[in-house]
Amino acid sequence: MSFAVEVEKLTYEFSNGSKPSLVDIDLQIPWSTRTLIVGANGAGKSTLLKVLSGKHLCRDGKILVNGVNPFSPAATVNGDDECLLTTYLGTEWCHMSVINRDIGVSELLESIGFAHFRDRGDLLCKILDVDLQWRMFRLSDGQKRRVQLVMGLLKPWKVLLLDEVTVDLDVIARSKLLQFLKWETQTRQCSVIYATHIFDGLADWPDQLLHLKAGRLVDLLDLHKNVQFTASNDSAGNDSAGNGTVTQTGDLVSITRVESLHPLAVAWLSQDPNELKQSSPTPQPNLR
Ligand SMILES: Nc1ncnc2c1ncn2[C@@H]1O[C@H](COP(=O)(O)OP(=O)(O)OP(=O)(O)O)[C@@H](O)[C@H]1O
């Protein structure tokens, strides 16, 4: 199969929506790659990930994941019962009720086939520092999220759709998780698509960057070809707060000083429509 994901002329509108949440999207995501989706609140990131996961039926446009329509009941990985076509880990998944129950972590993991995927499960527990002796109701939010991630990633997938599920993780756990996902894409044929507002530690993680703006795909950058980080400390290259700045010459985006995608996300989003900005002035605090 040539691409992990192929999308043509995809337009999607919720049945109760007043306008389409995704408009005329064309996209090809190669195998063994990591894609980051950048966009303002409401830009369509979650909707795109859910459509790709087969959660929403999309009548307009073509969507293929591993060559099959992810909404189709027959959307499985040909000849491989051990691998899921897609895994979507998003907000609703984060709120699964079982994580607050008085249940042991090993019992919880056994109930979803830990024994069958023992090597992968042990590796995930090690990476996410999960102790099988823990009891769920005694854990912190971040520890619960780590157990959930072990559960969500236990069964291998062809395409992983991550909808900002790392907010509760400490920096070490997040970094190890990102390294694990990178290793996965390098060692078996799979791809990861990750929507996030947190750009720390991501500079050398993605292969490509998508920018969604009001449901449209407005930028698609190949990180290896179109983005460079320059080491210059010269003040002309930085904003007043000393953060990196972004300049674009043709297809090449240069990010100065900081090796981070944060300045690029800020540059993109600062040009995006923001209904709040247009409708009312920012309220000023009353300091009297
Ligand atoms: N269940 C729904 N019913 C109707 N409209 C929806 C629904 N979910 C999302 N939308 C609309 O679709 C558009 C895209 O929403 P989406 O959740 O995909 O944005 P997002 O980029 O993931 O935003 P955020 O960064 O806030 O998570 C928004 O205009 C939103 O109001």
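In helix H8, which spans residues 262–269, the buried residues are Pro-263, Leu-264, Ala-265 and Trp-268, where buried means that 20 or more other C-beta atoms, placed from the backbone, lie within 10 Å of a residue's own, while exposed means 12 or fewer and partly exposed anything in between. Helices (H or I, at least four residues) and strands (E, at least two) are DSSP runs, numbered from the N terminus. The model is a predicted one, in which local features need pLDDT of at least 70 and side-chain atom pairs count only at pLDDT 80 or more, whereas totals for chains, interfaces and linings use all residues. Residues are numbered from 1 along each chain as its sequence is written.

The buried residues of H8 pack against strands S3 (34–39), S8 (208–213), S9 (216–222), S11 (246–249) and S12 (252–256), a contact being two C-beta atoms, placed from the backbone, within 7 Å. Of these strands, S11 and S12 belong with S10 to an open sheet of 3 strands, ordered S10-S12-S11 and mixed in its pairing; two strands pair if DSSP finds at least two bridges between them. Strand S10 (227–230) and S11 stand at the edges with a single partner strand each, so one side of each is left without a neighbour in the sheet. From one strand to the next the twist averages 25°, an angle taken between N-to-C directions, on a scale from 0 to 180 degrees, of axes fitted to C-alpha atoms. S10 and S12 pair in the parallel sense over 4 bridges, with Thr-230 opposite Thr-256 in S12.

S8 and S9, by contrast, pair in the antiparallel sense over 6 bridges, and Gln-208 has Asp-222 in S9 as its bridge partner. These two strands form a hairpin with 2 residues between them, and Ala-214 in the turn has a positive phi of about 45°. Ala-214 lies 173 residues from Asn-41 in sequence, yet their C-alpha atoms are 9.3 Å apart in space.

Asn-41 sits in the loop between S3 and H1 and, with 11 C-beta neighbours inside 10 Å, counts as exposed. Asn-41 is also one of the residues around the ligand, which include Phe-14, Asn-16, Gly-39, Gly-44, Lys-45 and Thr-47, a residue being near if its C-beta atom, placed from the backbone, lies within 6 Å. Helix H1 (residues 45–53) gives the largest share of this shell, 3 residues. By class the shell has 2 nonpolar, 9 polar and 1 charged residues, with Ala, Val, Leu, Ile, Met, Phe, Trp, Tyr, Cys and Pro counted as nonpolar, Asp, Glu, Lys and Arg as charged, and the others, Gly among them, as polar.

Beyond its neighbours within four places in sequence, Val-159 is in contact with residues including Ala-4, Val-65, Thr-86 and Ile-193. Strand S5 (residues 84–89) has 5 of its 6 residues buried, so it is largely enclosed by the rest of the structure. S5 pairs with strand S6 (residues 157–163) in the parallel sense over 5 bridges, and Leu-89 stands opposite Leu-162 in S6.
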